[in-house]
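Thanks, everyone. I'll walk through one model this morning, starting with the overall picture and then going into the side chains. Have the structure open as I talk.

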Amino acid sequence: MAASRPPPLGPLGGGAGGSGGAAPAAGVSMRMFHGEVFLGEMEVFPMKQGGEGGFPFPSNEIRVSHLSPPSERCPPLAILQTIAPFSVRCKLQSKLMPPNPSLHRLYITCFNEYKSAVVLVGDEELHLVAMPTKSDKSPCFWCCAARAGLYASSVGMLNLRCLAIVFDLDETLIVANTMKSFEDRIDMLSRRMDVEDDPVRIAGMSAEIKRYIEDKELLKEFIDTDTVTDNGKIVGTQKEEVQSMSGGQERILRPVIRLPERNAILTRINPEIRDTSVFVKLRPAWEDLRSYLTARGRKRFEVYVCTMAERDYALEMWRLLDPEGNLISPQQLSERVTCVKSGSKKSLQNVFRDRGCHPKMAMVIDDRLNVWDDKDQHRVHVVPAYAPYYAPQAEMANVVPVLCVARNVACNVRGGFFREFDENLLKRVFGLLYENGLLDLPYAPDVGDYLVCEDTNFLPNNQPPIPEGMRGAEVEKRLNGQSFRGEQWEGQQTVSSTRSPDDEGMPIRGITGGRNIQPNGGAVAIAPSVFVTVLQEIGRLCDSKVEFRSTVSNGKSMQFSVEVLFSNEKIGIGIGKTRDEAQVQAAEKALQNLESSYLSFASPIAGIPNEDSRKSPGSGNGFLEDVTCSDVDISMQEPSGSTLKQDHSNNLDKLSSVMSLIREHCLEDHHVVFRDQVQNSGPARNEEYHFQVELAGQILGRGVGSDKDAAKLLAAEEALRTLKSTTDPQIKKYLRPVR
């Protein structure tokens with residue numbers, strides 16, 4: 001069942017009863033103020049026995065500065081446990097009964113409006129959280145500590161079900177080159193060709209040089225004439241108005257040429273200096289990822305950038321990626337783009353220096369893992385380095401492009417995080433009382449818990465033999481017209497340039513045996529993890545949610561088990577020594593089951609005999625029979641076949657219409673789920689399917705039918721009637737307000 005909010009408090013009213021350890025008997029008396037208004041005497045108890053840690057209030061005085069922003073659905077303790085776990089410093093309760101009316105009003109306001117009373121102490125905020133109590137000793141508070149400003153920014157994100165995502169730029173989202181960097185790369189490849197004997201490698205390098213030269217000539221034409229000739233057509237510049245690089249209020253006009261068919265843009269960092277012209281290639285499928293982040297005008301992620309590039313360059317690259325400012329508004333740009341000195345480590349603490357987000361609520365998209373601080377690496381989704389010149393076909397060799405995989409990862413991370421937040425943390429926080437102890441607090445979700453590697457066939461620091469585009473200190477030197485010594489490039493290429501003839505059968509550096517990228521950019525194998533990305537892409541195209549749920553078996557072998565849910569129905573299970581191995585196996589079996597289910601649907605229509613039509617439906621959900629897991633094996637039964645009814649497609653159409661109406665009523669699509677009710681079926685019930693529709697754990701409707709879709713339709717129709725007529729506050733809080 002979903003967590004329910006405690007009833008509002010009235011005059012001198014306590015919350016619901018409960019269990020928990022009693023507060024320490026001895027406390028310290030302190031005077032409490034709201035601004036300059038005296039509220040009364042409070043008795044303060046240390047959270048730990050024996051008073052360990054002392055009291056956080058200076059001068060033994062509690063002075064409330066202000067009240068926190070109100071929260072729509074998340075109580076303050078849930079927010080604080082997420083951004084500052086187990087940070088309860090002490091407990092407070094009124095020394096006098098009945099309490100001072102001003103103190104009681106503060107308590108009632110905080111409890112009913114999901115606010116906290118904030119005490120400022122140096123660089124910290126002490127949040128006094130109004131707590132229900134099993135006795136009549138009201139008002140009473142827990143005091144939790146958090147970094148100043150962090151609570152106010154987090155309350156909005158958690159209420160809107162929003163996380164943060166941090167992007168790297170170079171070789172993650174774009175590859176950019178100046179004339180000098182083009183020349184250096186062409187020269188380097190030419191020298192390597194002179195000492196190469198392998199005709200295949202020579203052909204690959206020659207093709208790579210040709211691609212560099214083609215784009216270099218376009219950039220030179222842009223520098224000389226402010227035009228380019230693309231496929232025989234002359235394209236002129238557009239003057240795009242941008243804010244001054246110096247950060248002033250004046251606006252400047254920057255010459256830009258966009259070549260959508262090439263997925264390329266030519267721009268000039270400093271419009272007055274032609275040598276600062278840059279040729280930029282955008283990574284394919286960026287539009288898909290960008291549109292997901294702000295689909296239907298709803299922000300799923302707060303977006304940040306962390307790069308080792310020079311700042312003016314970084315700001316212009318991001319402007320090209322987000323020209324409308326939908327991901328980062330112009331007012332936030334200076335705070336949201338972080339430039340790290342080359343050679344330093346990136347860190348989420350530095351990215352969120354303005355305390356706009358807690359690192360636990362953020363994920364990173366980067367092509368390199370080792371540039372991140374160790375404590376943040378489990379929150380990094382590593383993508384293969386974008387190499388449009390070295391391997392132009394590799395980007396599209398996957399059935400699902402790299403940035404679509406990143407989109408799917410972000411979707412899974414967000415779903416997992418807020419499922420844990422809703423079903424565990426919120427539920428348990430609502431049950432806590434003033435008398436509970438520190439150990440009664442629930443575990444707080446962390447983005448890193450739900451970040452599962454989507455492609456195990458690329459090493460984290462994968463790079464092409466010659467770095468494409470500019471990185472770190474090179475950008476500043478290029479744009480300032482300084483030379484960049486070739487030795488620095490040579491130092492980076494020693495690994496790939498020293499491959500011996502014995503390495504012929506080995507994959508190129510950064511690519512493991514699962515995918516062997518050839519020097520000419522071709523790909524000769526598809527990674528096993530393509531099952532995962534294909535399944536997620538099917539879900540996206542069908543507007544159906546795909547979830548991976550993983551557990552560790554309780555047996556001696558400590559194997560990982562992963563199950564796949566497609567539109568909240570279990571369709572695949574996998575087991576393995578690692579989570580990735582289990583996930584790939586589960587995805588492969590899920591695809592097989594989807595295929596079998598589709599064939600059982602399509603074969604009778606096409607007049608093709610269905611081999612599985614003789615099988616009984618069993619007690620499964622139509623995709624996957626119930627399975628049992630052991631330490632040795634997980635057996636996957638074939639999905640049961642069924643005879644199609646004449647009105648099957650009608651049921652599907654009606655079900656789709658009813659579900660659309662249900663979604664229009666609900667604030668969050670993912671709160672609505674179908675669950676199959678397993679029956680102890682005898683022969684008489686062997687042909688029945690039982691389904692129920694739930695909204696955040698509340699049952700809205702049930703249905704029984706001779707096939708799965710008929711049962712679902714009956715359950716959905718009853719659920720829709722319930723939503724239209726309900727007066728239950730636990731259901732109404734998930735519904736859109738009636739206009």
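The protein chain has 18 helices and 26 strands. Remember that this is a predicted model. The chain runs to 739 residues, and 52% of them are buried. Take the contacts between residues at least 6 apart in sequence: 68% of those join residues at least 24 apart.

Now confidence. The average pLDDT for the protein chain is 77, and 72% of the residues score at least 70.

On to the cores. In soluble globular proteins, nonpolar side chains tend to be buried together. Here the largest nonpolar core holds 122 residues. Which of its members touch the most others? They are F57, L128 and W318. Helix α11, residues 402-430, supplies the largest share of this core, with 15 residues. Look at L128 up close.

Helix α4 has 16 residues. From first C-alpha to last, α4 reaches 23 Å, close to the 22 Å expected at 1.5 Å a residue. Its buried residues are M179, S181, F182, D184, R185, I186, M188, L189 and R192. Helix α5 has 27 residues and reaches 39 Å, close to the 39 Å expected. The buried set in α5 is R201, G204, M205, E208, I209, Y212, D215, L218, L219, F222 and I223. So what covers the buried residues of α5? The cover includes α4, along with strands β10, β11, β14, β15 and β16.

That brings us to the rings. Searching the whole structure turns up 14 aromatic pairs. One of them is F182 with Y212, edge-to-face, at 6.2 Å centre to centre and 70° between the planes. Why does this pair tie together parts that are 30 residues apart in sequence? Because F182 lies in helix α4, residues 179-194, and Y212 lies in helix α5, residues 199-225. Both F182 and Y212 are buried.

Stay on Y212. Y212 also pairs with Y389, and this pair is stacked: 4.3 Å centre to centre, 15° between the planes. This pair links distant parts of the chain, 177 residues apart. Y212 is in α5, while Y389 is in the loop between β20 and α10. Buried or exposed? Y389 is buried, with a relative accessible area of 1%. Y212 has 0% relative accessibility, so Y212 counts as buried too. Taken together, ring pairs link F182, Y212, F279 and Y389 into a cluster.

Rings also meet charges. The charged end of R268 sits over the ring of F222, 4.6 Å from the ring centre. F222 belongs to the buried set of α5. Elsewhere, the charged end of K91 sits over the ring of Y434, 5.3 Å from its centre.

F531 is in helix α14, residues 530-541. F531 is partly exposed, with a relative accessible area of 27%. Where are its contacts, not counting residues up to four places away in sequence? F531 touches V584, A587, E588 and L591. F531 and L591 are 60 residues apart in sequence, yet 7.4 Å apart in space, C-alpha to C-alpha.

Then S544, in the loop between α14 and β21. S544 has 19% relative accessibility. The cut-off for buried is under 20%, so S544 counts as buried. Beyond four places in sequence, S544 touches G539, F566 and S567. S544 and F566 are 22 residues apart in sequence and 6.7 Å apart in space, C-alpha to C-alpha.

That's the tour. Over to you.

Methods: Residues numbered from 1 in each chain as written. Predicted model: local features only at pLDDT ≥ 70, side-chain atom pairs only at ≥ 80, totals over all residues. Heavy atoms only, no water. Phe/Tyr/Trp six-rings, centres within 6.5 Å; stacked < 30°, edge-to-face > 60°. Helix = DSSP H or I, 4+ residues; strand = E, 2+ residues; numbered from the N terminus. Buried < 20%, exposed > 50% of the residue type's maximum accessible area, 1.4 Å probe, protein only. Lys NZ or Arg CZ within 6 Å of the ring centre and 35° of its normal. Core = buried A, V, L, I, M, F, W, Y, C linked by side-chain atoms within 4.5 Å. pLDDT = per-residue confidence, 0-100. Expected span 1.5 Å × (residues − 1). Contact = heavy atoms within 4.5 Å.
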